[in-house]
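Please read the following note with the model open beside it. The points are numbered so that each may be checked in turn.

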Amino acid sequence: MDKTFYIETFGCQMNAHDSEKVVGVLLEKGYREVETPQDASYIFYNTCSIRDKAEQKVFHRLDTFKRESGKGKVFGVLGCVAQQEGEKIFARAPHVSLVAGSASYSKLPQMLVRLEAGEKRVTGLKFDEQEAFETPFARRDNPYRAYLTIIEGCDKSCAYCVVPFTRGPERSRTSHSVIAEARQLADSGYTEIQLLGQNVNSYRDPSPAAWDFATLLARVGEIPGLRRVRFTTSHPRDFVKDIIDAIDQTPTLCNHVHLPVQSGSTSVLAAMQRQYTLEEYMLRIDWIKKARRNIAITTDIIVGFPGETERDFADTLNLLDTVEYDSLFNFKYSPRPNTAARSMADPIPEAEIARRHVILQEHQRAIQIRCSSLLVGAVEEVHVEGRNKALNQWIGRTSTNRTLNFTHPETDRDLVGTYLPVQVTRAGPNSLVGAAALDGSESIPRVV
Ligand code: SAH
Ligand code: SF4
Ligand code: F3S
């Protein structure tokens with residue numbers, strides 16, 4: 001069997017970066033990545049189970065793989081559905097021969113050797129690793145913005161969420177290894193880094209240096225060569241003012257905080273076991289709004305959690321008016337296996353969940369239209385990420401994490417990877433349009 005593999009990934013940025021690490025480890029062992037499942041001997045599917053829909057997609061896709069990609073292949077299910085369903089996957093999709101969760105990826109090459117030696121079914125489902133999955137070989141997909149995991153797993157127990165079951169307990173990397181990897185990324189030409197963790201700000205350095213998250217953030221931000229440092233996702237309970245102070249003092253730290261609230265009602269927050277009240281959440285918003293820099297705030301909301309009344313829902317809409325989030329992810333509550341909320345009283349009917357979802361979506365859209373329009377005329381620095389040839393526009397991203405599509409008179413120059421000042425000329429709810437502000441400072445040359 002030749003050593004070609006194909007990998008497809010669903011889910012959050014942690015999953016995306018896990019796949020980058022898996023690819024790196026496999027390349028290092030002499031495997032070769034190919035573009036289609038048809039060309040591959042090994043087909044890996046890195047899965048997400050955050051909502052039921054995502055999970056259903058997995059089995060559907062596994063069937064399609066089988067139908068379309070020919071016989072004699074090895075199918076491996078990785079990620080959160082693998083961890084959650086374990087050996088049950090073999091029963092539901094008998095063509096699968098490997099099931100492995102994220103805590104066992106460092107053993108992936110050994111698992112493949114066992115399959116090559118003739119074992120029919122191999123699993124990696126243990127959480128006994130203390131260590132986070134670190135590898136010097138991650139093969140990053142994006143040459144400009146690099147993901148860097150600093151903490152894995154989750155020690156919280158929100159009533160609706162599978163992550164503590166699918167990713168295991170929290171494990172932080174040492175500050176030394178995080179700094180070393182960030183330096184190496186900067187040395188190899190990356191100018192933007194995104195620190196990752198399910199709760200990135202729950203980071204606790206296990207080494208004697210004992211840095212907290214704010215210290216780590218500031219130190220990463222001081223690494224020569226880095227222009228932008230982002231971090232996601234922050235849990236409100238562990239969001240301390242030092243993080244805002246670090247942003248204020250360190251120019252490379254981006255003007256953006258993603259702070260999922262989930263609901264604007266304290267009683268729903270209590271039922272969700274989020275470990276903060278609305279008042280405590282608002283204190284954090286206040287710190288962010290009082291920062292010297294203009295920091296964009298984004299969030300996640302779940303509508304239709306069991307027992308959510310019309311009044312609770314109205315509280316959430318009020319919260320959106322008060323905070324004026326730059327953008328948000330609005331999820332319909334989805335009952336998940338093993339979670340406390342699954343057996344809670346007063347489930348909200350699906351149609352009602354859908355109705356609230358639409359109302360919230362429209363409510364937020366109006367806020368975004370209003371807030372975005374205030375940006376017309378402003379000059380924002382963008383990191384250029386791509387080009388839309390059909391529209392003759394470049395695609396840039398602001399420090400606040402907004403997309404800003406812009407025109408530039410030098411059509412034959414490759415601007416991707418550079419930083420440029422751009423004047424906003426039009427503003428929609430989700431993206432901005434502008435023109436390069438040519439009398440501004442020149443971009444730095446692309447180093448990658
Ligand atoms: N650790 C982060 C969020 C990780 S999961 C935090 O606590 O903020 C990403 C988002 O998925 C969550 O913020 C939540 O809004 C959503 N989510 C998680 N479980 C869900 C469920 N059962 N139904 C609907 N949305 C869910
Ligand atoms: Fe899930 Fe809550 Fe952990 Fe976030 S903090 S990953 S929502 S259990
Ligand atoms: Fe999905 Fe697992 Fe991420 S459930 S959102 S891939 S942690």
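1. The shell around ligand 2 divides into 6 nonpolar, 3 polar and 2 charged residues. In this count Ala, Val, Leu, Ile, Met, Phe, Trp, Tyr, Cys and Pro are nonpolar, Asp, Glu, Lys and Arg are charged, and the others, Gly among them, are polar. The shell consists of Cys154, Lys156, Cys158, Tyr160, Cys161, Val163, Pro164, Gln198, Asn199, His235 and Arg274, where a residue is near a molecule or strand if one of its heavy atoms lies within 4 Å of it.

2. The model is predicted, so local features need pLDDT of at least 70, side-chain atom pairs count only at pLDDT 80 or more, and totals for chains, interfaces and linings use all residues. Residues are numbered from 1 along each chain as its sequence is written, chains are lettered from A and ligands numbered from 1 in the order in which they are written, and side-chain values use heavy atoms, with hydrogens and water left out.

3. Around ligand 3 stand Gly11, Cys12, Asn15, Cys48, Ser49, Ile50, Cys80, Arg167 and Gln198. This shell holds 4 nonpolar, 4 polar and 1 charged residues. Gln198 is also listed in the shell of ligand 2.

4. The domain assignment, which is automatic or taken from a database, gives domain 1 (4-124), domain 2 (145-373) and domain 3 (379-436). Between the C-alpha centres of domain 1 and domain 3 the distance is 37 Å.

5. One open sheet has 6 strands in the order β2-β1-β3-β4-β5-β6, with parallel pairing. Strands (E, at least two residues) and helices (H or I, at least four) are DSSP runs numbered from the N terminus, and two strands pair if DSSP finds at least two bridges between them. β2 (32-33) and β6 (122-124) each have a single partner strand, so one side of each lacks a neighbour in the sheet. Within this sheet, β4 (residues 74-78) and β5 (residues 96-100) run parallel and are joined by 4 bridges; Gly76 has Leu98 in β5 as its bridge partner.

6. Which strands does helix α1 lie across? Helix α1 (residues 13-28) lies across β1 (4-9), β2, β3 (42-47) and β4, and runs at about 175 degrees to β1. Helix α2 (residues 52-68) lies across β1, β3, β4 and β5, at about 170 degrees to β3. Contact here means heavy atoms within 4.5 Å; axes are lines fitted to C-alpha atoms, for helices over the stretch in contact, and angles run from 0 to 180 degrees between N-to-C directions.

7. Another open sheet has 3 strands in the order β12-β13-β14, with parallel pairing. β12 (256-258) and β14 are its edge strands, each with a single partner, so one side of each is left without a neighbour. On average, neighbouring strands of this sheet are turned by 15 degrees against each other, direction ignored. β12 and β13 pair over 3 bridges, and His256 has Ala296 in β13 as its bridge partner.

8. β13 (residues 296-303) and β14 (residues 327-332) are joined by 6 bridges. From β13 the chain passes through helix α12 (residues 310-323) to β14 in a right-handed β-α-β crossover; right-handed means that, with the strands pointing away from the viewer, the path from the first strand over the helix to the second runs clockwise. Helix α13 (residues 350-373) lies across β13 and β14, at about 175 degrees to β14.

9. Two backbone details deserve a check. Thr232 and Thr233 are joined by a cis peptide bond, with omega about 0 degrees. Glu324, in the loop between α12 and β14, is not a glycine but has a positive phi of about 55 degrees.
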